[in-house]
Amino acid sequence: MPLDPAPSDAELSGAWLEASDGRRWTLLGKCILGRGAENQVVVDSPKASRRHAVIHLQDEVEFWLVDEASRNGTYCNERRVIRPTRLRHGDALSIGGHIFHFHQPDFARRRADDTPTHFDRSTTSAGDATVLDLRQQKVWLLIGDIEKFSVISREWEVDKLAVSVGRWLRESLRIVENQHGRISKYLGDGFLACWEDRGGTTASVVAALRDFQRLQKDSAVSFRVALHYGLVTFGEQSEWGEQSILGPEMNYIFRLEDLASALGVDLCLSSPAQAKLAPFIATQAVPGEHTLKGYEGKHRCFTVPGDL
């Protein structure tokens with residue numbers, strides 16, 4: 001059901017969308033915009049796709065705009081959204097001919113006061129957030145990342161690039177959610193997905209890998225997948241209710257993806273991930289032992305020969 005427009009700033013949680021006619025929608029987590037009546041923000045326009053775009057909360061205070069391969073495109077400050085885009089206070093979003101302004105004044109003031117807010121691919125929280133209810137959990141961490149994005153962004157027409165990247169992101173989200181995982185972060189050229197290790201989770205991860213292999217063959221954009229398994233700490237952030245993911249294993253998956261890029265490996269498994277998956281699928285060691293920035297010793301990685 002659509003969200004009820006909030007009547008006053010006092011009732012807002014700290015971030016909201018405002019339409020040209022003054023209606024407001026609070027942003028508390030993932031927010032879907034489109035023509036479909038099931039969306040949180042219903043865009044009443046024949047130019048809007050049924051599921052047009054998503055606003056995704058991550059790192060406790062950041063909101064990212066993702067186009068879902070919409071027919072007529074999503075625009076932020078009059079520029080077409082091609083890849084996941086971090087929203088800033090005052091940004092103007094155009095969807096199906098309708099304009100929405102993104103507001104997050106408290107966070108904008110913290111930035112003005114020089115509160116550390118820099119987003120780095122390997123960071124996991126927003127500095128000044130209060131983390132509550134810490135718990136440890138074994139998880140699967142998966143990064144999907146477009147190969148040579150800077151090259152195709154120069155060579156492809158904007159419409160082709162936007163639709164191709166949007167379709168890849170939409171299909172990737174479908175794979176993750178169908179296999180009971182969740183997208184934790186969007187990374188500009190890709191995403192980080194997470195599965196908490198519970199009964200049957202390994203089978204879900206194997207199925208997701210199989211689906212990603214198929215997508216690698218069918219997608220207009222080439223991409224790599226890196227998979228790691230380890231122990232992280234979850235905490236619930238009080239203001240937004242989003243669980244942050246903390247710990248060195250989070251940094252490790254990003255280092256592993258960098259290594260996969262350098263080695264030209266399209267599907268890369270860490271040693272802990274390979275050890276968990278070995279009873280279920282055939283794996284193959286990538287030649288050599290490798291250094292990873294911030295981690296001692298040499299590290300091996302693995303891939304999957306052929307189709308799963």
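Cys 76, Arg 79, Arg 80, Val 81, Ile 82, Arg 83, Thr 85, Phe 149 and Val 158 line the largest pocket of this predicted model. A pocket here is an open set of points on a 1 Å grid over the protein atoms alone, where a 1.4 Å probe fits, with protein on both sides within 12 Å along at least five of seven lines; lining residues have an atom within 4 Å of a point. Rolling a probe the size of a water molecule over the atoms shows where empty space is left.

Residues are numbered from 1 along each chain as its sequence is written. The model is predicted, so local features need pLDDT of at least 70 and side-chain atom pairs count only at pLDDT 80 or more, while totals for chains, interfaces and linings use all residues; side-chain values use heavy atoms, with hydrogens and water left out.

| Pocket | Volume | Lining by class |
|---|---|---|
| Largest pocket | about 230 Å³ | five nonpolar, one polar, three charged residues |
| Second largest pocket | about 200 Å³ | five nonpolar, three polar, four charged residues |

Volume is the space filled by probe spheres set on the points, with grid points joined across faces, edges and corners. Ala, Val, Leu, Ile, Met, Phe, Trp, Tyr, Cys and Pro count as nonpolar, Asp, Glu, Lys and Arg as charged, and the others, Gly among them, as polar.

The second largest pocket has 12 lining residues. Lys 30, His 56, Leu 57, Arg 182 and Ile 183 lie nearest its centre. Strand 5 (53–58), helix 3 (158–178) and strand 13 (182–186) each give two or more residues to this lining. Strand 13 supplies the largest share, four residues. Helices (H or I, at least four residues) and strands (E, at least two) are DSSP runs, numbered from the N terminus.

Strands pair if DSSP finds at least two bridges between them. Leu 93 stands opposite Phe 100 in strand 11.

Glu 18 sits in strand 1 (residues 16–19). Its contacts (heavy atoms within 4.5 Å) are Arg 23, Arg 24, Ile 99, Phe 100, His 101 and His 103, not counting residues up to four places away in sequence. Glu 18 and His 103 are 85 residues apart in sequence, yet 7.6 Å apart in space, C-alpha to C-alpha.

A second open sheet has five strands in the order 4-3-5-6-9, with mixed pairing. Its edges are strand 4 (41–42) and strand 9 (85–86). Strand 9 pairs with strand 6 (residues 62–67) in the antiparallel sense, over two bridges. Trp 64 stands opposite Arg 86 in strand 9.

**Aromatic pairs**

The structure holds eight aromatic pairs. Rings of Phe, Tyr and Trp (its six-membered ring) pair if their centres lie within 6.5 Å; planes under 30 degrees apart count as stacked, over 60 as edge-to-face and the rest as tilted. Phe 191 and Phe 212 are stacked, because their ring centres are 6.1 Å apart and their planes are at 25 degrees. Phe 191 lies in strand 14 (residues 190–196) and Phe 212 in helix 4 (residues 201–218), 21 residues apart.

**Confidence**

The pLDDT (the predictor's confidence in each residue, from 0 to 100) averages 88, and 85% of the residues score at least 70. Over residues 6–12 it is below 50.
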